[in-house]
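Look at the model below and follow the description from one part to the next.

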Amino acid sequence: MKILVTVKEVAAVDDEFELDGLAVDDRYVTYDLNEWDEYAVETAVQIREAGDDVEVVAVTIGDADAEETVRQVLAKGADRAIRVWDDALAEAGLLDPATKARVLAAVADDEDPDLVLTGVQSADDGFGATGVTLAERIGFEWAAVVCSLDLDREAGVAHVHRELEGGVEELTDVELPAVLTIQTGINEPRYASLRGIRQAQSKELAERSLSDLGLAAEDVASPLEQTDLYEPETGGDATVFEGSAEATAAELASALREKGVGQ
Amino acid sequence: MTVLAVAEHRRGELREVSLELLTVARQLADDIEGEVHAAVVGGPVKAYAERLNREGVDTVHTIAEGEEFNHDVYTQAVAQLTEAVDPAVLVMPNSVNGLDYAPAVAGRLDRPLVTDVVDLSYDDELTATRELYGSKVETTIDVHADRAAVTVRPAEWPAAEGTGDATVEAFEVDIDDAAVRSTVTGFEEVGGGDVDITDADVLVSVGRGIGEEENLDIVYDLAEALGATVSASRPLIDNGWLPKDRQVGQSGKVVTPDVYIAIGISGAVQHVAGMKGSDIIVAINDDPNAPIFDIADYGIVDDLFEVVPALTEQFE
């Protein structure tokens, strides 16, 4: 069985930042493995540990700087990784879910996985749609926002719980091959061990260009164009207490007492 | 030209977001001087259609296929209806189920999809506003296509009101059963604990800013001094520090206490969706730019490890 896990290095913006055109100035940005993808990786590695003949392949779309993040995924137990990048992707502008799905579909065609796991969404642009878009493209079944997974490999069925709004879970059986988008909390992602980090250095991290995947620059031309970026106006009119912790706590306490709290 | 909005329902109830989509659709239809079409798939569609017949809605399409949401059925049904109606914009909810079929419909019809949209306009082409980096910035996206699809963030638009005079039409779809490869087998309520946070008058709610599980003691101390109940945002539930039924937010419980004290909670949109109906919101956070302050009535920008014990002392 082969599991393809899509991972992404995401950007986190500092509390204070400046904009630089259509991006946040890089001085205020730090990069890390997408939180949702950590749970997807853990799900894949746990399936491999529970069964024989399972290979976990991580794939990312990202420039050379993303290699460190992908090595983290290898250190956590993925067997090998693929990083897709080239000049055409660098110049492609907004990599929306459809664009990413075209690239990931080409990788899936090469790899022929039985199961694809993705995070529900990425922490930076939060489209939340790449997994299902990919499933539709490659003709796989799918389930979005999976918070529990019981894989019956023999029957070729994934028994999943999907986390709906309002504290309700939907129980669904999904035929394999499938794409599952994994919600945080489904498991407890491991830290990479020192041994894992050492081993990751010798694992394969293959680079692929669009042409390696049989794609051309026009395949990543998105109809979506980002035209503006700005800080939203804050609509807040909170009474903010200032001073020492004792002083602000006292003021808040008196405001709350007026509302009948703590009496 | 038309705008088509697809309603959402669960366990016999039309969800509120369905009526919000009608407002979005009317707004876009006004931009293009077009009609608003609504659709509902599955369940008691006639009853749902009555509720969807709001002011400004021209046609409601009912598709009687199945009782509950099944994404394989929805994908086929919505794609077929979209081809028949040919709307300039297909509007779907940015809900868990919306994200389980909207990308498939958009992909199948080769329509560009913009998700989690918080504002929209149409002037020759669609322009959508989204948030990035946990709501720290907003971005505007132009969709260079004459047909588009969007998913709309719940609770960003008011629900459509009034009673309309829409035509209600049954739409026959041709479902390919071989392509239905998922089966919904049931529903389960999470939690099962002894405390119902939706009943509490005062909630002391704690988020990622608390850092470590053992630090929760200061929160429990405050709750005890106030006679309040402790709830939490998602990361703490994911860590297993509190049971699932203590989670406030879109995927947790929606709470409306008299007072909601958010401690170390930044105020991500998913969390806010669960607590913004509280009468009084108090935020304690060391980041002055945390979005929670945008909806708070009272705020303290300071280290929670100093403020919370000081506040406890005030009530002991």
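In chain B, strand S7 (residues 113–117) and strand S11 (residues 148–152) pair in the parallel sense over three bridges. Strands here are DSSP runs of type E with at least two residues, helices are runs of H or I with at least four residues, and both are numbered from the N terminus. Two strands pair if DSSP finds at least two bridges between them. Within this pairing, Val114(B) stands opposite Val150(B) of S11(B). Five of the five residues of S7(B) are buried, so this strand is largely enclosed by the rest of the structure. Buried means under 20% relative accessible area, exposed means over 50%, and partly exposed lies in between, with a 1.4 Å probe and protein chains only.

This is a predicted model, in which local features need pLDDT of at least 70 and side-chain atom pairs count only at pLDDT 80 or more, while totals for chains, interfaces and linings use all residues. Residues are numbered from 1 along each chain as its sequence is written, chains are lettered from A and ligands numbered from 1 in the order in which they are written, and side-chain values use heavy atoms, leaving out hydrogens and water.

Another place to look in chain B is Ser233(B), in the loop between strand S15 (229–232) and helix H6 (234–238). Ser233(B) counts as buried because its relative accessibility is 7%. Leaving aside residues up to four places away in sequence, Ser233(B) touches Val206(B), Gly207(B), Arg208(B), Val248(B), Ile265(B) and His271(B). Contact means heavy atoms within 4.5 Å.

Now turn to chain A. It has seven helices and 15 strands, and buried residues make up 56% of its 263 residues. The C-alpha trace of chain A spans about 65 × 45 × 40 Å along its principal axes.

How do the two chains meet? In the interface, 80 residues of chain B are in contact with 80 residues of chain A. Together the chains bury about 6,900 Å², 54% of it on carbon and sulfur atoms; buried area is the accessible area (1.4 Å probe) that two parts lose on being put together, summed over both. Strand S15 (residues 239–241) of chain A pairs with strand S18 (residues 298–301) of chain B in the parallel sense, over three bridges. There Phe241(A) stands opposite Ile300(B). Between the chains the count is nine salt bridges, each a side-chain nitrogen of Lys or Arg within 4 Å of a carboxyl oxygen of Asp or Glu. Arg10(B) forms a salt bridge with Glu165(A), with the closest N and O atoms 2.7 Å apart.
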